[in-house]
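Please open the model in a viewer and keep the sequence panel at hand.

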Amino acid sequence: MAEQGNKTTSWWRRFRWLYAVRCTLACVVTMVAVAVIVRAVVVMLRPEKLQLKLAAGRVAANYIPSLPPPGNEVWLKFVLRAYNPSGRATLEYANVTVRLTDASSSSSSAEAPTARIAEFDLPKPIDVMQKTLSEVLVPLSLVPKEDLPMRYVRALYEGRGVADAEMELRGILSTHVAMSTTSVLTTYYCWPVTIAVGPGDYAAADVACFDKLDAPAHV
């Protein structure tokens, strides 16, 4: 009887040990599975970065034969090159406001309010598929004095242009993955930018546009 009782006790101890091991393994597997799922969700919802460049670092103006310009308007155009490095997400940059400023103007000077050259909205969103480079041509018409200060109209008329301008783009960057969309307010800074009459040399190097977190200290 005593021997049978010892066997029963030994079996029960082994059973409890195996049960504890199995429970521990089940907990570990569950925790690993949850961690993998959480990581997958975080990666899926993580906003991707859209890479923007201004072609040749240039905003081209049409020839101005007289002051005031014919039709009282100044035509500008530029090309944005947008690259989506993601292999899983489609990117959309929408509701974009573009602001051109004269970076050569000192913010401490009395002329600080005139540092703004022009401000306008992009006519449509920039949509870029996975691993794709898109080029967006942006033409715009500006009214002297109202949209474009006369000092810059005269600079274009005289052929001087603006050699040290800065372009700021501010809009909503949306990351579309499967059935999920993440949107964040994103600002880009492109510098240095040349605003001049004529197409210029579009074989020149593009100017990279940095987002607000990565922008150099001078912008």
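Begin by selecting strands β9 and β10, which run antiparallel and are joined by three bridges. The model is a predicted one, and every stop should be read accordingly. Within this pairing, select tyrosine 188: its bridge partner in β10 is aspartate 211.

Next, display the side chains of strand β10, residues 207–211.

**The disulfide**

Now select cysteine 190 and cysteine 209. They form a disulfide with sulfur atoms 2.0 Å apart, and the structure holds one disulfide. The link of cysteine 190 and cysteine 209 is right-handed, with 105 degrees about the S-S bond. Cysteine 190 belongs to strand β9 and cysteine 209 to strand β10, so that the pair links distant parts of the chain, 19 residues apart. Both cysteine 190 and cysteine 209 are buried.

Remain in strand β9 and move to proline 192. The peptide bond that leads from tryptophan 191 to proline 192 is cis, with omega near 0 degrees.

**The aromatic pairs**

How many aromatic pairs does a search of the whole structure find? It finds two. For one of them, select phenylalanine 78 and phenylalanine 120: the ring centres are 6.2 Å apart and the planes stand at 50 degrees, so this pair is tilted. Because phenylalanine 78 lies in strand β3 (residues 74–84) and phenylalanine 120 in strand β5 (residues 116–121), the pair ties together parts that are 42 residues apart in sequence. Phenylalanine 78 counts as buried at 0% relative accessibility, and phenylalanine 120 is buried with a relative accessible area of 11%.

Then select tyrosine 93 together with tyrosine 188, an edge-to-face pair with 5.4 Å from centre to centre and 80 degrees between the planes. Tyrosine 93 is in strand β4 (residues 90–102) and tyrosine 188 in strand β9 (residues 180–197), 95 residues apart, and the pair links these distant parts of the chain.

Select the loop between β2 (58–61) and β3, where proline 68 is found. The peptide bond from leucine 67 to proline 68 is cis, with omega near -5 degrees. Asparagine 72 lies in the loop between β2 and β3 as well. Asparagine 72 has a positive phi of about 55 degrees although it is not a glycine, and it is partly exposed, with a relative accessible area of 37%.

Lysine 131, in the loop between β6 (126–128) and β7, is likewise not a glycine and has a positive phi of about 50 degrees. Lysine 131 is exposed, with a relative accessible area of 54%.

Finally, select serine 134 in strand β7 (residues 132–142). Serine 134 counts as buried at 17% relative accessibility, because buried means under 20% relative accessible area. Leaving aside neighbours within four places in sequence, serine 134 is in contact with Leu80, Arg81, Ala82, Asp127 and Val128.

Methods. Residues are numbered from 1 along each chain as its sequence is written. This is a predicted model: local features need pLDDT of at least 70, side-chain atom pairs count only at pLDDT 80 or more; totals for chains, interfaces and linings use all residues. Side-chain values use heavy atoms; hydrogens and water are left out. Rings of Phe, Tyr and Trp (its six-membered ring) pair if their centres lie within 6.5 Å; planes under 30 degrees apart count as stacked, over 60 as edge-to-face and the rest as tilted. Helices (H or I, at least four residues) and strands (E, at least two) are DSSP runs, numbered from the N terminus. Buried means under 20% relative accessible area, exposed over 50%, partly exposed in between (1.4 Å probe, protein chains only). Contact means heavy atoms within 4.5 Å. Two strands pair if DSSP finds at least two bridges between them. A disulfide is a pair of cysteine sulfur atoms within 2.5 Å.
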